[in-house]
Amino acid sequence: MSESLQASDCEDHWQEKEIILERSNVNDIISLGFTIAGGNDRPIVNNFISIVVSRIIENGLADRDKQLRLYDIILRVNDIDYSNIKHHTAVEILKTSGKKVSLRIRRLTPRFMKIVELEHQSEKLGISIEGGIGSEYFKGDHGVFITYIPNQTIKQLNIGDRLIEISSAKNTYNLRFVTHNDAKKRIGLACSDSQKVQLTVSSYTRKLTRVTHKQSILHPEQYNPRITKDKNTKDQHDQHSKNSEPTRSIVSPRKIIESFDFEDYQRYESHNRLRATGYRTKSTTLPNTRPTADLQIHLAVAQKIGVLQFDQKNLKEIPPEICSLSGLRTLSLNSNKIQLLPNDLRKLVNLKNLFLKYNQIESLPSIIFTHHLSKLEILQLNGNLLCSLPASFSYLTTLKQLNLSKNNFITIPRAILYLTNLQVLDLSANRIQEINDDIEFLEVDELNLNNNQISQISTNISKCKRLKILRLDNNKLKLESIPTSLLKNSTVFQLSVNGNFFEETQFQLVEGYDDYERRYTTNQRKRDATAILLLN
């Protein structure tokens, strides 16, 4: 370890900031839209007792406000010190903090970052690291730092560089908020995935930063981790109200490897990323070339790694060259102006992840799904103009996650009822008015129907044999609209009904609520028994 590297060298990686969140009215005690972890009675690990933002809930108050970020450390709430506080007390203070909530936070904000491409031997990078949550290398800093490079053999890195994340050809592993052991484990996993990896680091001083043809500079505004990949995990911590907003897919609580999900990256870099895929080209920045040249660069990379991201390119149609990449596993064309999908999209027979959110798609051609795209697991079509799905959509039997939020559906599409492996279905922010009798055939673990116009729910919803999480916030429900059988006899253990035509206290008095509360409590105990902070 260099003697010149002191704790003060990393002080400028952090900043304290005042954030104001404002509820809709003074008596409002609904969620602020984020969850927390930590406390002196429930340390995240060892003696790390800080209160940390563990998840930003999509479309929640904090998400819409866009000030609070994942892993922000809360120092104070409305002049109440949070430096040494019990977890439950911290939650209750947030719940009852009034209309205007003042948060003093501490945030990791390195001046700039760089991406270094490395090729390793024997699944080792040849560097030594120190630090991590619970084993701080510098007091008050839970980061993981490079402390030794033999003979400075890796010229792109410096002793004292902070590790941000590591990417292989298959996965991206977060290193910002991890224990020391998890950091080593994730580096090992990335190296076992592929011989070439990309390491994102933040240098502790500018003068030590070397930019070579294999590095790319990331400025802070291009690296904005607001929402966690915990949408692929179950949250392990209390929320600021019973309106718990868990994540959008259900996975093992011990899962470490996170799949390459471009929706996360869309938020992760605030629509202004430099990386196009899990691999970057060796140029520091891409020149201002014609769109066709830009596409050719992306196609060349996609042929090697099976991942193509071409977001925000003002595309009005999908280029035919993309449909010829039969080995493509992930395709992201978010935030373009695509109106129609070409029939040749069916040629992407190995596609597992398809991201088409925020386009102008009004309908889906039936031929795409008929015995094609048989490996598709994640499909995101949110933010389009869809009002129906073709019957052939039911052929997507491997589909696990489907996002159809922010479209024009007025009912739950029948084709979805035949998707037997679906885990998460998001139909929020549509125009659905009723949950009809067909709902009993739906096989899904989590159903999001927030922000619709639902006023009637069929009693058949209690027959959904796999439904565990049901979101019905901000609809037009009355107390009598909620079937007693849903509370008494269903498998639902998490039901969210805030923002309807009744109060929470009234809901707690209806018949069957005690049965529902027992299921909820039983599930919470199971989670508490195996409680562990899920780190990205």
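In this predicted model, helices and strands are DSSP runs that are numbered from the N terminus, a helix having at least four residues and a strand at least two.

**Figure 1. A loop residue, Tyr358, with a positive phi.** Tyr358 is found in the loop that runs between S16 and strand S17 (378-380). Its phi is near 55°, which is a positive value in a residue other than glycine. With a relative accessible area of 34%, Tyr358 is partly exposed, because that value falls between the limits of 20% for buried and 50% for exposed residues.

Figure 2. The loop between strand S19 (424-426) and strand S20 (434-435) holds Ala429, whose phi is positive, at about 60°, although the residue is not a glycine. Ala429 counts as partly exposed, its relative accessibility being 28%.

**Figure 3. An open sheet of 9 parallel strands.** The strands follow one another in the order S14-S15-S16-S17-S18-S19-S21-S23-S24, and their pairing is parallel. Strand S14 (307-309) and strand S24 (494-496) stand at the edges with a single partner strand each, so one side of each has no neighbour in the sheet. On average, and with direction ignored, neighbouring strands of this sheet are turned by 5° against each other. Within the sheet, strand S15 (residues 330-332) pairs with strand S16 (residues 353-355) in the parallel sense over 3 bridges, and here Thr330 stands opposite Asn353 in S16. In general, the strands of a sheet pair through backbone hydrogen bonds, either parallel or antiparallel.

**Figure 4. The buried side of helix H2.** Which residues of helix H2 (residues 87-95) are buried? They are His87, Ala90, Val91, Ile93 and Leu94, and because they cover an arc of only 160° around the axis, they lie on the same side of H2. The elements that cover these buried residues include strand S2 (34-37), strand S3 (51-56), strand S4 (73-77), strand S5 (80-81) and strand S6 (100-108).

**Figure 5. The largest nonpolar core and a core apart from it.** Among the 69 residues of the largest nonpolar core, those that touch the most other members are Leu331, Phe393, Leu402, Leu472 and Leu495. Helix H5 (291-305), helix H6 (320-323), helix H7 (484-488) and helix H9 (513-529) are the elements that give two or more residues to this core, and the largest share, 3 residues, comes from H5. Leaving aside residues up to four places away in sequence, Leu402 touches Leu379, Phe393, Ile416, Leu419, Leu422, Val424, Leu425 and Asp426. Another core, of 23 residues, lies apart from the largest one and has Ile146, Ile166, Leu175 and Val178 among its members.

Key
Residues numbered from 1 in each chain as written. Predicted model: local features only at pLDDT ≥ 70, side-chain atom pairs only at ≥ 80, totals over all residues. Heavy atoms only, no water. Pairing = 2+ DSSP bridges. Axes fitted to C-alpha atoms, helices over the stretch in contact; angles between N-to-C directions. Buried < 20%, exposed > 50% of the residue type's maximum accessible area, 1.4 Å probe, protein only. Arc of directions from axis to C-beta. Contact = heavy atoms within 4.5 Å. Core = buried A, V, L, I, M, F, W, Y, C linked by side-chain atoms within 4.5 Å.
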